[in-house]
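Welcome! Have a look at the sequence and the structure here, and then we can walk through them together.

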Amino acid sequence: MNYLLQQAHRKHGPAGLLYSIIIVAFLSSCASSSAKPENAGQPAAVLPVLKVAAVPATTYRDYNATVEGKVNVEIRPQVDGYLDKIFVDEGAYVKAGQPLFRINDRTYQEQLSNASALLLAAKANEEKALVEVNRLTPLVQNNVVSDVQLKTANAAYQAAKASVAQAQANVSNARINVGYTLISAPVSGYIGRIPFKTGSLVGRGETQPLTLLSDVNEVYAYFSMSEIDFLKFKNKFTGNTIADKVKQLPAVELVLPDNTIYTEKGHVETMEGQFDKTIGAVSFRASFPNGAGLLRSGNTGKVRISEQLSAALLVPQEATFELQDKVFVFTVGDSNKVASRPITIAGKNGAYYFVEKGLQAGESIVYAGFGRLQDGAVITPQPLSMDSLLKVKPLL
């Protein structure tokens with residue numbers, strides 16, 4: 001057996017030695033169980049044992065997130081009518097001011113013409129009233145006619161001026177309605193789904209917008225943090241306000257649905273003012289640059305927040321097992337007896353857990369081969385070093 005281990009170390013280095021130890025441990029265990037019954041006299045299983053150590057590391061936590069464009073604008077018609085023209089296609093990139101839709105404007109052009117005609121008539125009446133005031137003024141000054149006539153003429157003139165102002169407002173309103181028939185992009189961005197086709201009747205009462213325009217040059221990732229995580233965050237960072245604490249958060253990453261990392265890093269900017277009682281969490285917003293347009297509104301992912309640890313208690317994930325939503329390890333005590341023990345996970349990095357509670361630096365745990373291991377069983381430890389394990393499976 002020692003010869004096999006020596007040969008594996010010569011040929012493959014630490015990785016070969018590590019996996020050879022595990023294989024030998026399994027073979028030894030199987031050989032001992034097949035050679036004798038399970039009762040007394042069964043030799044102790046040879047299992048790889050690792051001494052837990054505290055090392056500098058980076059841990060992280062992932063939070064489910066939804067992505068939205070910095071600006072999401074619902075494009076809705078301001079006037080009723082039939083769609084004459086759709087200038088863009090779904091998914092197209094448009095610039096601010098670019099025409100998107102045109103509604104038939106015949107009715108509104110007629111309203112504008114009518115309002116313009118009424119304005120001309122009102123101006124004519126105003127001029128007529130002014131002429132009457134100018135005619136009566138010298139007559140009243142020379143006591144030819146009573147001043148009552150002049151007052152009446154002035155009142156008629158003021159009414160004519162008001163009619164002109166009203167007619168001008170009607171013209172402006174009609175001109176605005178004509179302008180509403182051409183719908184342009186308020187911001188630059190990408191066109192969403194267009195549920196209407198040319199010839200469709202649209203209007204202000206329509207529940208569906210004509211489309212959704214998203215400015216995704218910068219995107220927001222919204223994620224929620226539980227009360228426990230929020231309290232840890234609040235206690236860790238200094239600051240008089242939550243906004244001050246948020247500013248101290250390190251740059252965050254966005255994990256895409258295929259588990260790849262988005263190329264640009266983001267920053268947590270704001271937190272909602274109150275907790276959601278239904279889920280017991282509070283929402284945060286992180287912003288990410290998106291100049292290449294790789295992210296769109298509606299994308300999902302995970303916001304990853306990292307944390308630098310000066311001395312993290314490191315445990316390989318494969319040295320743990322789960323039972324009733326708890327994580328356990330087998331510790332090796334006096335006389336090489338093993339005992340299962342629950343541990344509290346503070347974070348993870350690659351193939352490793354960072355243990356917050358349940359273990360102390362220097363304690364030994366069973367690394368592998370504990371599928372049938374029970375509390376109180378005696379094993380023959382095959383020591384492994386954390387340094388050799390980290391060479392085979394380094395921290396990310």
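## Confidence in the model

The protein chain has a mean pLDDT of 86, where pLDDT is the predictor's confidence in each residue, from 0 to 100. Of its residues, 89% reach 70 or more. Confidence is highest in β5, at 97, and lowest in helix α1 (residues 2–35), at a mean of 44. Helices (H or I, at least four residues) and strands (E, at least two) are DSSP runs, numbered from the N terminus. Over residues 1–40 pLDDT stays under 50, and the model has 38 contacts beyond four places in sequence for them; a contact means heavy atoms within 4.5 Å.

This is a predicted model, in which local features need pLDDT of at least 70 and side-chain atom pairs count only at pLDDT 80 or more, while totals for chains, interfaces and linings use all residues. Residues are numbered from 1 along each chain as its sequence is written, and side-chain values use heavy atoms, with hydrogens and water left out.

## A four-stranded sheet

Follow the order β6-β5-β3-β8 and you will trace an open sheet of four strands with antiparallel pairing. Its edge strands, β6 (182–184) and β8 (201–202), each pair on one side only. Two strands pair if DSSP finds at least two bridges between them; β5 and β6 have three, in the antiparallel sense. Phe101 stands opposite Ile183 in β6.

## Two nonpolar cores

The largest nonpolar core has 26 residues, and Ile75, Val94, Leu100, Phe101, Ile191 and Leu210 are those with the most contacts inside it. Such a core is a set of buried Ala, Val, Leu, Ile, Met, Phe, Trp, Tyr and Cys residues joined through side-chain atoms within 4.5 Å. Two or more residues come from each of β5 (99–103), α2 (106–141) and α3 (147–180). Beyond four places in sequence, Ile75 touches residues including Leu100, Phe101, Ile183 and Leu210.

A second, separate core of 25 residues includes Ala65, Val216, Ala286 and Val303.

Ala221 lies in strand β9 (residues 211–226). The C-alpha atoms of Ala221 and Asn64 are separated by 9.3 Å, though 157 residues apart along the chain.

Thr331, in strand β15 (residues 326–332), is buried too, with a relative accessible area of 7%. Its contacts beyond four places in sequence include Lys337, Arg341 and Leu359.

How values were computed: Buried means under 20% relative accessible area, exposed over 50%, partly exposed in between (1.4 Å probe, protein chains only).
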